There are 2 protein chains.
Amino acid sequence: MQYSSPYQPPIVTVDAIIFQMLNDTLTVLVAKRTDEPFKGQWALPGGYSAAGQTTMEALVQKVKAKAGVDLDNEINYIEQLYTFDTVGRDPRGHAVSISYVACGVDIEPTDGSHEIKFLPVDSLPHLAYDHSEIIAYARERIANKLLFTNIAFSLLPEKFTLTQLQATYEAVMGRDLDKRNFRKKFLSLNLIHETGETWREGAHRPAALYAFNNKGIETIARNFD
Amino acid sequence: MQYSSPYQPPIVTVDAIIFQMLNDTLTVLVAKRTDEPFKGQWALPGGYSAAGQTTMEALVQKVKAKAGVDLDNEINYIEQLYTFDTVGRDPRGHAVSISYVACGVDIEPTDGSHEIKFLPVDSLPHLAYDHSEIIAYARERIANKLLFTNIAFSLLPEKFTLTQLQATYEAVMGRDLDKRNFRKKFLSLNLIHETGETWREGAHRPAALYAFNNKGIETIARNFD
DNA sequence: GCAAAAGTGTTTGGGATACACCCATGC
DNA sequence: GCATGGGTGTATCCCAAACACTTTTGC
């Protein structure tokens, strides 16, 4: 394909913000950059998106290649987040980044080195590009969705305890919730059901295991009259 | 700037969904295409975005040039909507469209011909590209924001009646609301105040005029415990 | 006085909030 | 028996929902 002569497009890149819970902490996947710019700094996995492929297709390729994570099979949820386009964000030239936020469980970056990690979002080091802002925005998006969707399914294993569920909410939202009210409210939403199984661990009462009724996004109605 | 050889980026385009109320109806700005592809069909205003400018800057230029609307001064609100990127959406080649949704009042496309119009969103003709879907998505976004922000300010004149406000909600959301409940709820939110003035028109009781306290976006808290 | 839109109140039910103790288990 | 996390109930308050008539004006 040819461009009409005076038109020079910006580079199109894609970036993935992949969240996962580890030890009741929200973590995000970052890779240490091996090349300039920002060599040696942590950055979100991503790369160029070429003509003829959707940005999601490009993302799947890049994340597989750079972080060894297969977005098609290893995550439970993904959505487009935002397109970041400030002119100075990439020192090599103007690059527009179409970012996606994803959530999963038990994701293991398959890489020999220690340069690809899930790091806690609340104590990230300085990141390359504008990736710190992008992650903050992604977290906000997910925190919001917790309030009116069943998106928590994407951060939890198939079967989970109510304490785990609450810990997930607290980790993403960044604040504590009341145990009794949380359980009462959540159970009334009819998004989950008891499995009948229990989880025993340590010297205390075992916990009932629950599962989501639906592993696709469901929305809870909001009201205005 | 040079691309490393094998990389051919998609075209980057921008599109504007500009909403305005006309006769208590939600309308959107469309322009009749003068060139192929889709010559003669209605389409959203927009165009190419070049390297070295933000997509918003590109959008302002294109919308000014193609529709005679100055986004910097003639609208009350604008936000990035979504990036549409399916490979087949532009028959000339792969074009990624970064779309923005905007709201305003008394916007007048300055064009001699009749080829640029605000058309009611509920009875749009067939549109070029995937623009029908984009508009539906934009409307959903605004309808959602009406529920938990003061974004209605952007669709109403400085001073307005409660009936006008309710009509705006109804037009965007596509359903009727109860007058008493709407007023009670809205007044309790402390987003607007009476101006003391009234609006008289026709053979009936004059209406009190209100104004928003704030003409920037304010968010109403949502709860989960 | 009548047509047309503005404006107004009450009841009911359900959900939000706040708050503290007993239960089951392993050691 | 004690330490640890799992699990539960009630009272209050406010908001959502449903619903119909009076007021002010122009003609």
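In this predicted model, the surface near DNA strand C draws at least two residues from each of four elements, namely H5 of chain A and, from chain B, helix H4 (162-173), helix H5 (179-188) and strand S9 (207-212). There are 25 residues around DNA strand C, and those that come nearest are A:Ala203, B:Thr163, B:Arg180, B:His204 and B:Ala208. When the residues of this surface are sorted by class, eleven are charged, eight are polar and six are nonpolar.

DNA strand D has 24 residues around it, of which A:Arg180, A:His204, A:Arg205, B:Ala203 and B:Arg205 come nearest. Here the elements that give two or more residues are helix H4 (162-173), H5 and strand S9 (207-212) of chain A, joined by H5 of chain B. The surface near DNA strand D divides into eleven charged, seven polar and six nonpolar residues.

The two protein chains are related by symmetry. Chain A is superposed on chain B by a rotation of 180 degrees with 0.0 Å of shift along the axis, and the RMSD is 0.0 Å; this is the relation of a two-fold axis. The same surface serves both copies, since 100% of the contact residues of chain A recur in chain B. In this interface, 34 residues of chain A are in contact with 34 residues of chain B. On the side of chain A that touches chain B, two or more residues come from each of strand S1 (11-22), strand S5 (77-84), strand S6 (95-104) and helix H5 (179-188) of chain A. That side holds 17 nonpolar, twelve polar and five charged residues.

The C-alpha atoms of chain A fill a box of roughly 65 × 50 × 30 Å along the principal axes, and buried residues account for 37% of its 225 residues. Of the contacts in chain A between residues at least 6 apart in sequence, 66% join residues at least 24 apart.

One residue of chain A, A:Thr54, lies in the loop between strand S4 (46-48) and helix H1 (55-67). Leaving aside residues up to four places away in sequence, A:Thr54 touches B:Asp85, B:Thr86 and B:Val87. Between the C-alpha atoms of A:Thr54 and A:Asp130, which are 76 residues apart along the chain, the separation is 23 Å.

In chain B, helix H3 (residues 131-148) has 18 residues, which at 1.5 Å a residue should span 26 Å, and this agrees with the 26 Å between its end C-alpha atoms. The buried residues of H3(B) are B:His131, B:Ile134, B:Ile135, B:Ala138, B:Arg139, B:Ile142 and B:Lys145. Seen down the axis of H3(B), these buried residues fall within an arc of 135 degrees, so they line one face of the helix. An α-helix has 3.6 residues a turn, so residues three or four places apart point the same way. The elements that cover the buried residues of H3(B) include strand S1 (11-22), strand S2 (25-32), strand S3 (42-43), strand S5 (75-84), strand S6 (95-104) and H4 of chain B.

Notes. Residues numbered from 1 in each chain as written. Chains lettered and ligands numbered in written order. Predicted model: local features only at pLDDT ≥ 70, side-chain atom pairs only at ≥ 80, totals over all residues. Buried ≥ 20, exposed ≤ 12 C-beta atoms within 10 Å, placed from the backbone. Contact = placed C-beta atoms within 7 Å. Least-squares fit on C-alpha atoms with pLDDT ≥ 70 in both. Nonpolar A, V, L, I, M, F, W, Y, C, P; charged D, E, K, R; others polar. Near = placed C-beta within 6 Å. Expected span 1.5 Å × (residues − 1). Arc of directions from axis to C-beta.
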